[in-house]
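Subject: Structure for you to look at

Hello,

Please read the notes with the model open.

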Amino acid sequence: MNFQQLRIIRETVRQHFNLTEVANALFTSQSGVSKHIKDLEDELNVELFVRKGKRFLGLTDPGKELLVIVERMLLDAGNIKRLAEQFSQRDQGQLTVATTHTQARYALPRVITAFKAAFPRVHLVLHQASPDELVRLLLDGQADIGIATEAIADVPELASFPFYSWHHSVIAPVDHPLQQAQTLSKEAISEYPIVTYHHGFTGRAQIDRGFAEAGLTPDIVMTALDADVIKTYVELGLGLGIVASMAVDPSRDHGITELKGPPLFGSQTTRLAIRRGHYLRSYAYRFIELCSSSLDEQTVRQALQLSRASE
């Protein structure tokens, strides 16, 4: 058994058993993929895949159990490399942080500035992704830390920690009639067209739930992935905007105004996530602590140890 065979097993499942896509992903040939699988099955004396002719349809029961071991072995192989780098190059290397546009644009500039000042020789990769893509990057070992509001809290393979809380703000073009309203309400804003986030981004589910609980069906005329686009079209008069509170900056947002009033859609919590078992170098723990002073290295390590012990 070799690591190329292990990678092929994992990639075959990820590519939904399409060997052509597996070959493309691993920069090899389809015949080479087939040979590696056949050699491994012969070595183990067990079939790992359900077949129909030459097509792969799924994993056999032994294949399913082997996949769990394969994932663990590949994770540990990456950990060995990171462990060696930790002691040979303490203050240099690479840290990959996967996050959404909103977090990258509004929550992380202060953290990243402080981190780069402390670790100038660490190459920081900021990978912008959707919440679902972010989870996949963490699970694949392509990201060390994930930061998002959606998706990460309920993934068993991830350990997540609260970063900060925020709420949604309602924005409008300057001189909008609702600026004169004494009380801002869901009923009042639902009388106007609305521009807000796409489904699955930046608390959109909570916005929908808030309107539904009030028995309202808002006229959402446009959705976008980030607040900058939403603010642009609100300024052009397309409608009211519902954006993350940290995206509103009066010193820069001259063509729009934030409507004053209580938060209408509750609060949200952005979280940091790490794949359980993923080895973090010391500067990764420092990055987390810069995000939240309560998440020092000892606290995070203890939480990870407790979560592994409970599995």
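A residue is called buried here when its relative accessible area is under 20%, exposed when over 50%, and partly exposed in between. Bear in mind that this is a predicted model.

The largest nonpolar core has 28 residues, and Leu95, Phe115, Ile145, Ile147 and Phe287 have the most contacts inside it. Several elements each supply at least two of its residues: strand 3 (93-99), strand 4 (122-128), strand 5 (145-148), strand 6 (158-173) and strand 11 (267-275), together with helix 6 (109-118), helix 11 (282-291) and helix 12 (297-309). Helix 11 gives the largest share of this core, with 7 residues. There is also a second, separate core of 18 residues, and Ala23, Phe56, Leu59 and Val70 are among them. As a general point, nonpolar side chains in soluble globular proteins tend to be buried together.

Leu95 and Val125

Which residues does Leu95 touch, leaving aside its neighbours within four places in sequence? They are Phe115, Val122, His123, Leu124, Val125, Asp144, Ile145, Tyr283, Ala284 and Phe287. One of these partners, Val125, lies in strand 4. Its C-alpha atom is 6.1 Å from that of Leu95, although 30 residues separate Val125 and Leu95 along the chain.

Helix packing

Two helix pairs are worth a look. The axes of helix 6 and helix 11 come within 9 Å and cross at roughly 140 degrees, so helix 6 and helix 11 are oblique to each other. The crossing of helix 6 past helix 11 is right-handed. From helix 6, Arg110, Val111, Ile112, Ala114 and Phe115 take part, and they meet Tyr283, Phe287, Leu290 and Cys291 of helix 11. The residues of this contact comprise 8 nonpolar, no polar and 1 charged.

For helix 1 and helix 3, the axes are 10 Å apart and the angle is about 110 degrees; the two helices are therefore roughly perpendicular to each other. Here Gln4, Gln5, Ile8, Ile9 and Thr12 in helix 1 meet Val33, His36, Ile37, Asp39, Leu40 and Glu43 in helix 3. The residues of the contact of helix 1 with helix 3 divide into 5 nonpolar, 4 polar and 2 charged.

Backbone

Most residues other than glycine have a negative phi. His16 has a positive phi, near 55 degrees, and is not a glycine. His16 sits in the loop between helix 1 (3-14) and helix 2 (19-25). Phe27 also has a positive phi, of about 55 degrees, and is likewise not a glycine. Phe27 is in the loop between helix 2 and helix 3 (30-44). Are these residues buried or exposed? His16 is exposed, at a relative accessible area of 67%, and Phe27 counts as exposed at 79% relative accessibility.

Regards

Note on methods:
Residues numbered from 1 in each chain as written. Predicted model: local features only at pLDDT ≥ 70, side-chain atom pairs only at ≥ 80, totals over all residues. Heavy atoms only, no water. Core = buried A, V, L, I, M, F, W, Y, C linked by side-chain atoms within 4.5 Å. Buried < 20%, exposed > 50% of the residue type's maximum accessible area, 1.4 Å probe, protein only. Helix = DSSP H or I, 4+ residues; strand = E, 2+ residues; numbered from the N terminus. Contact = heavy atoms within 4.5 Å. Axes fitted to C-alpha atoms, helices over the stretch in contact; angles between N-to-C directions. Parallel < 35°, antiparallel > 145°, perpendicular 65-115°, else oblique. Left-handed = near helix turned anticlockwise from the far one by under 90°. Nonpolar A, V, L, I, M, F, W, Y, C, P; charged D, E, K, R; others polar.
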